Amino acid sequence: MSVPHVDASTWSLTVEGLVEHPSRLDQEALHALPASRLTAFHECFGNPTAPNVPTRAVANVEWLGVPLARLLDQAVPRPHAAHVWFEGVDRGSFRGSPEHNYLKDLPLDIARREVLLAYEMNDAPLDAEHGFPVRAVVPRMFGTNSVKWLGRIVVSDSRPEHPRPLPRSAEPAGRADPGSVGWAGHGRDRPRFTPCRATSVRAATARRWPRR
Ligand SMILES: Nc1nc2c(c(=O)[nH]1)N[C@H]1C(S)=C(S)[C@@H](COP(=O)(O)O)O[C@H]1N2
Ligand SMILES: [Mo]
């Protein structure tokens, strides 16, 4: 998948699914909402299909944007709502799956508590590479959850069915997806895959130095 260049004049973000009040916001409407700042590390977990290739990278980033909680409060999730899906406008296919949009999900309570819909990064407008016009930022979790180029937020009673073929050891019932969250315990010594969202920083550049 490559960097989509989103036209801000036609772009919108929808909040839909199991909510009393679905909505569609354009960039102006989003920027008109009260914004919050958040500083958090941002770390790529690496590639789940090549877990032994050290592609990890980490940075500390200051974000500005609208807390997802604000949009959820306006939308009013229905009582059986339990998950939030974040869909990017970028599309592609993975290991021969049909083409689909980049899609990640979080439990509703975590999404409400943690997610910032960020449109500024380090005091500058978010650029195309990092998710213009808006991305989800999920602190304390692998970078993969921080969906860039957001187009849809879907409140649901379930996790998405994912079109990707899965490794047998991954998760039962054709549900979930090795790319959707980090996978802890992968590698030769621990062959069982466990989906895992929260991370502690592992990249050497983020460690306290000298180490105590
Ligand atoms: N829509 C979309 N969001 C995405 C991705 C993507 O391919 N498409 N990649 C994810 C991954 S794996 C990481 S590590 C981070 C990288 O964010 P950065 O480009 O700002 O460093 O974005 C995440 N969000
Ligand atoms: Mo990543």
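## Pairing of β7

Strand β7 (116-121) runs antiparallel to β9, to which 3 bridges join it; strands here are DSSP runs (E) of at least two residues, helices are DSSP runs (H or I) of at least four, and both are numbered from the N terminus. Two strands pair if DSSP finds at least two bridges between them. Opposite Ala 118 stands Arg 135 in β9. This is a predicted model, in which local features need pLDDT of at least 70 and side-chain atom pairs count only at pLDDT 80 or more, whereas totals for chains, interfaces and linings use all residues. Residues are numbered from 1 along each chain as its sequence is written, while chains are lettered from A and ligands numbered from 1 in the order in which they are written.

Strand β7 also pairs antiparallel with β4 through 5 bridges, and Leu 64 has Glu 120 in β7 as its bridge partner. A further 2 bridges join β7 to β8, again antiparallel, with Glu 120 opposite Pro 125 in β8. The hairpin of β7 and β8 has 2 residues between the strands, and Asn 122 takes a positive phi near 50° in this hairpin.

## Burial and the nonpolar core

Of the 6 residues of β7, 5 are buried, a class that requires 20 or more other C-beta atoms within 10 Å of the residue's own; exposed means 12 or fewer, partly exposed lies in between, and C-beta atoms are placed from the backbone. Across the protein chain of 212 residues, 32% are buried.

The largest nonpolar core has 38 residues, of which Val 115, Leu 117, Ala 118, Val 134, Ala 136 and Leu 150 touch the most other members. Such a core is a set of buried Ala, Val, Leu, Ile, Met, Phe, Trp, Tyr and Cys residues joined through C-beta atoms within 7 Å. Strand β7 gives the most to this core, with 5 residues. Beyond its neighbours within four places in sequence, Leu 117 is in contact with Gly 65, Val 66, Leu 68, Val 134, Ala 136 and Leu 150, contact being defined by C-beta atoms, placed from the backbone, within 7 Å.

## The open sheet

An open sheet of mixed pairing is formed by 5 strands in the order β2-β1-β10-β5-β6. Its edge strands, β2 (23-25) and β6 (100-107), each pair on one side only. The twist averages 20° from one strand to the next, with axes fitted as lines to C-alpha atoms and angles running from 0 to 180 degrees between N-to-C directions. Within this sheet, β5 (residues 83-92) and β10 (residues 150-156) run antiparallel and are joined by 6 bridges; Val 84 has Val 155 in β10 as its bridge partner.

## Backbone exceptions

Most residues other than glycine have a negative phi, and most peptide bonds are trans. Asp 123, in the loop between β7 and β8, has a positive phi of about 65° and counts as exposed, with 8 C-beta neighbours inside 10 Å. Trp 149, in the loop between β9 and β10, has a positive phi near 50° but is buried, with 23 other C-beta atoms within 10 Å.

The peptide bond from Phe 132 to Pro 133 is cis, with omega near 5°. Pro 133 is found in the loop between β8 (124-125) and β9 (135-137).

Notes: Two residues are in contact if their C-beta atoms, placed from the backbone, lie within 7 Å.
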